[in-house]
Amino acid sequence: MSTQNEPCQYTIRELFTSEFHFSIPLYQRAYAWGPNEINTLIDDIINADDHDHRIDHYSLGSLVVHRMSGSESTEDYLEVVDGQQRLTTLYLLICGLRRIMNTAQREWSGMRLSSRLLSFSNRPSSNHALGRILDDARSVTENSASPAATDLSIDDFGNGSDTLFSGYVAILNHLTACAKGAEDDLESFSQRLLDHTQILLMPLPERTDLNHYFEIMNTRGVQLEPHEIAKARLMSGLTGGDDSGARDRNVFSKIWDACSDMGRYVQMGFNPAQRTILFGDDWSHPVFTDFDSLRGALCPEHVTSEQTSADTTLDELLRSTVMIDNSKSTSSSDNGGASEDDESRFTSVLDFPNFLVQSLKLFLSANEDYENSFHEFITNHSVEISPAQTVRTADDIVLNDANLLRYFETQRWYFSSEEWIKSFAVFLLNTRFVFDAFIIKSDTENDKSSDHSHWSLGRLYKISGRNDAGDTIAITRTFSNITTTDGDSNGDDYNGDGDVGADITAVEKSTYSFQNDITMLESMNQVTFTSMTSKTFVQDYLRSLYHINSDPSELIEKRYTIAKEFRTDLWNLALDRFRESARGWENDLRQAYGSPCFGIFTFNFIDYVLWRYREAPNSSTDDSMRDGPDPNSVPLIAAVNQVWQQMGSDANAGLSKFRSFTFRYRNSVEHLFPQDLVRRDAEGKLEVDKSHLNMLGNLCLLTRSENSKRSNLNPKDKVGLFNIDDQSLKFRIMAAITKGSGWDNDAISTHTENLSKVISALIKEPQELYAVTLGETLD
């Protein structure tokens with residue numbers, strides 16, 4: 001058996017060899033998984049096969065073991081402390097595969113099962129059941145055909161552990177059902193299971209107090225998460241001399257924990273004194289420079305450690321994940337305040353595991369001498385890398401937390417250096433600060449929406465208390481320092497969505513425009529790409545910010561001057577995505593429903609363009625949605641104006657209600673004139689026929705639940721039942737047309753033609769059409 005004491009990833013094939021002997025102790029509950037849990041595990045492994053996104057390995061989490069010494073007559077073994085349900089199910093699963101696979105498949109898989117691989121301590125009936133199951137799996141001779149797995153039942157096994165037998169039968173039934181689709185399904189699944197599914201074998205330190213461990217695990221109620229294991233792995237590299245290793249691990253843990261709380265601004269993860277040292281007197285921008293300065297702020301005194309770093313890492317990890325500082329030192333602001341007691345006010349667009357993957361990708365790409373550093377490290381430190389630990393560059397990292405541990409594992413050479421571990425900690429804290437200040441959040445405090453789509457783009461700062469009052473945390477707009485008409489007179493507070501007051505300077509108006517445009521572009525992507533693993537736009541935005549200025553403190557200090565460049569970057573990224581997704585759009589205008597050219601992103605982007613390029617009805621007044629683009633955008637403005645003018649008299653009235661448009665989670669492309677009505681119109685008496693039904697002009701974004709309640713109503717009745725102000729701009733325009741001249745073939749054709757001119761202008765106009773707008777004087 002291996003003597004390795006460090007956590008290590010194993011494929012299932014590697015785990016199920018004669019090298020290991022796992023024993024499930026009596027204090028563990030008996031095997032309890034039923035068909036639901038078993039089928040979920042099998043289906044998860046099947047569905048994890050995502051070649052398009054290069055997901056090489058699927059992680060089943062951790063298997064925590066305690067190395068035990070055998071007696072004179074028995075060998076050493078690994079006592080399973082956490083993960084026995086999954087381990088036992090995997091054993092049964094491989095037995096099931098061994099039983100039902102044909103000869104060629106068995107030879108290909110190379111599966112060899114040993115009776116000593118898994119056993120139950122002091123549970124003879126369970127061991128008897130495992131023996132019977134193993135005998136059954138081996139019962140298929142090399143020359144026999146695959147037996148009918150579904151013919152088995154628990155009764156075929158006689159006395160023993162019913163839960164083990166029933167689990168085995170459930171596996172056979174599910175595998176047989178999965179194999180009916182194609183002959184190679186079992187072989188493909190076997191390869192995925194054995195060679196591309198991993199589990200982290202995590203030995204406890206030799207002197208671990210198991211009673212203390214179980215007390216902590218029972219308090220947590222869940223197994224260790226992959227990001228917590230990554231934290232432990234990184235902390236184990238901070239060894240140092242004397243007490244420096246313990247101090248460094250303490251600092252690293254505090255940074256990691258502050259960054260992991262995605263529901264609050266990262267400054268709130270530190271106490272007020274620490275905030276002042278790390279983020280300045282007003283808590284608004286980083287002033288730390290390196291890990292040493294962080295140590296001085298977070299762990300200024302000596303930390304004693306009675307154990308070596310290898311023995312303390314796991315215990316430190318467990319303690320750090322359950323010991324939460326509940327001290328509340330500051331009060332809440334009346335205007336834009338963020339109470340420290342209100343930990344759930346903000347909802348991030350990323351959870352921490354996915355933020356961690358995003359940060360790792362940025363960290364690797366930020367180091368230009370990546371390969372040179374690697375070769376130098378190998379030469380100077382004689383680091384050995386196994387073939388499975390292929391070094392990944394930033395481009396190889398897919399933004400999916402399913403492979404988080406794998407990504408860190410393949411960078412082991414990188415993170416075996418204390419210098420790089422500390423550099424990553426500093427980078428992680430800086431990136432979390434930039435993320436908080438420049439990437440939108442959902443603000444639940446001022447949220448009047450039904451889908452948590454009240455978007456906030458703000459930065460945190462401190463308001464000093466007066467007359468013994470506590471200091472206050474407040475949130476202000478990142479790019480703008482003006483107040484809306486529904487807000488307070490304090491011009492530096494975040495106050496909601498009201499209109500801008502008239503008595504403001506040109507610069508203030510431009511910063512307000514930047515703030516709104518950036519919020520709109522970011523929220524457009526957020527409501528389109530809702531899965532945590534589809535948020536490549538966050539990576540693009542963070543890269544843009546670091547390209548503009550790699551110093552997070554200067555990004556804040558110069559935020560007014562960088563606003564235009566950042567907004568232009570966001571626009572160009574969106575325009576590039578639109579041009580790519582709309583490739584071949586001309587051919588699908590009449591059959592837009594279901595076309596890849598006209599997915600959710602295309603409709604949301606069209607909404608943004610309709611909002612951004614709406615021309616003022618009277619240039620002599622200030623009643624325009626935007627300030628007015630440069631001459632390059634004239635063809636686009638003209639096309640957008642035609643779309644609006646189809647509304648008739650409503651086109652030039654009440655622009656304020658359109659100015660307050662926000663993106664919400666509308667997840668379904670639907671017909672305004674219903675499909676079912678057209679299908680039942682055999683005599684062609686309706687206003688809309690089949691040739692117009694699926695045109696772009698008859699389609700809009702709605703939530704699926706909204707449309708399902710009204711899907712078969714005629715357009716006039718349908719739009720009357722919607723809260724129009726909550727809908728997309730395209731739907732609002734369609735609703736106004738319906739209420740005015742009616743919704744028929746001509747209306748659909750005209751709307752389609754007008755939209756085609758907008759798309760054509762976006763495709764053909766120069767990239768710089770958005771770069772400059774009137775009144776933008778922040779060069």
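Biologist: Which residues in H22 meet which residues in H31?

Modeller: This is a predicted model. In it, Trp571, Leu575, Phe578 and Arg579 of H22 are in contact with Ile759, Leu762 and Ile763 of H31. Sorted by class, the contact of H22 with H31 has 6 nonpolar residues, 1 charged residue and no polar ones.

Biologist: At roughly what angle do the axes of those two helices cross?

Modeller: The axes of helix H22 (residues 559-581) and helix H31 (residues 745-764) cross at roughly 115° and come within 10 Å. H22 and H31 are therefore roughly perpendicular to each other. The crossing of these two, H22 and H31, is left-handed.

Biologist: Let us step back to the chain. How many helices and strands are there?

Modeller: The protein chain has 31 helices and 14 strands. It has 779 residues, of which 55% count as buried.

Biologist: And what share of the contacts join residues at least 24 apart?

Modeller: Taking contacts between residues at least 6 apart in sequence, 74% join residues at least 24 apart.

Biologist: Now H3, please. How many of its residues are buried?

Modeller: H3 is mostly covered, with 17 of its 17 residues buried.

Biologist: What span should H3 have, and how far apart are its end C-alpha atoms?

Modeller: Helix H3 covers residues 84-100, and at 1.5 Å a residue its 17 residues should span 24 Å. The end C-alpha atoms of H3 are 24 Å apart, which agrees.

Biologist: How does H3 pack with H7?

Modeller: H3 and helix H7 (residues 185-196) pack at about 150°, and their axes are 12 Å apart. An angle over 145 degrees counts as roughly antiparallel, so H3 and H7 are roughly antiparallel to each other. H3 passes H7 in a left-handed crossing.

Biologist: Which residues meet there, and how do they divide by class?

Modeller: From H3, the residues are Leu90, Leu93, Ile94, Leu97 and Ile100; from H7, they are Leu186, Phe189, Ser190, Leu193 and Leu194. The contact of H3 with H7 divides into 9 nonpolar residues, 1 polar residue and no charged ones.

Biologist: What about H3 and H5: at what angle do the axes cross?

Modeller: The axes of H3 and helix H5 (residues 124-138) cross at roughly 25° and come within 8 Å. H3 and H5 are therefore roughly parallel to each other.

Biologist: Which residues make that contact?

Modeller: Tyr91, Leu92, Cys95, Arg98 and Arg99 of H3 meet Leu130, Ile133, Leu134, Asp136 and Ala137 of H5. By class, the contact of H3 with H5 has 7 nonpolar residues, 3 charged residues and no polar ones.

Biologist: Where is Asn516, and how accessible is it?

Modeller: Asn516 is in helix H19 (residues 506-528). Asn516 is partly exposed, with a relative accessible area of 22%. Between Asn516 and Phe479 there are 9.1 Å in space, C-alpha to C-alpha, while the two are 37 residues apart in sequence.

Biologist: A change of topic: where does Trp283 lie?

Modeller: Trp283 lies in the loop between helix H11 (272-279) and helix H12 (291-298). Phi of Trp283 is near 60°, a positive value in a residue other than glycine. Trp283 is buried, with a relative accessible area of 1%.

Biologist: Last, how many residues of H23 are buried, and which residues of H24 are?

Modeller: H23 is mostly covered, since 12 of its 13 residues are buried; among them are Phe601, Asp607 and Arg612. Helix H23 (residues 600-612) reaches 18 Å from its first C-alpha to its last, close to the 18 Å expected at 1.5 Å a residue. In H24, the buried residues are Leu636, Ile637, Ala639, Val640, Asn641, Val643 and Trp644. The 12 residues of helix H24 (residues 634-645) should span 16 Å at 1.5 Å a residue, and its end C-alpha atoms are 16 Å apart, which agrees.

Terms used. Residues are numbered from 1 along each chain as its sequence is written. This is a predicted model: local features need pLDDT of at least 70, side-chain atom pairs count only at pLDDT 80 or more; totals for chains, interfaces and linings use all residues. Side-chain values use heavy atoms; hydrogens and water are left out. Helices (H or I, at least four residues) and strands (E, at least two) are DSSP runs, numbered from the N terminus. The expected span of a helix is 1.5 Å times one less than its number of residues. Buried means under 20% relative accessible area, exposed over 50%, partly exposed in between (1.4 Å probe, protein chains only). Axes are lines fitted to C-alpha atoms, for helices over the stretch in contact, and angles run from 0 to 180 degrees between N-to-C directions. Angles under 35 degrees count as roughly parallel, over 145 as roughly antiparallel, 65 to 115 as roughly perpendicular and the rest as oblique. A crossing is left-handed if the near helix is turned anticlockwise from the far one by less than a right angle, and right-handed if clockwise. Contact means heavy atoms within 4.5 Å. Ala, Val, Leu, Ile, Met, Phe, Trp, Tyr, Cys and Pro count as nonpolar, Asp, Glu, Lys and Arg as charged, and the others, Gly among them, as polar.
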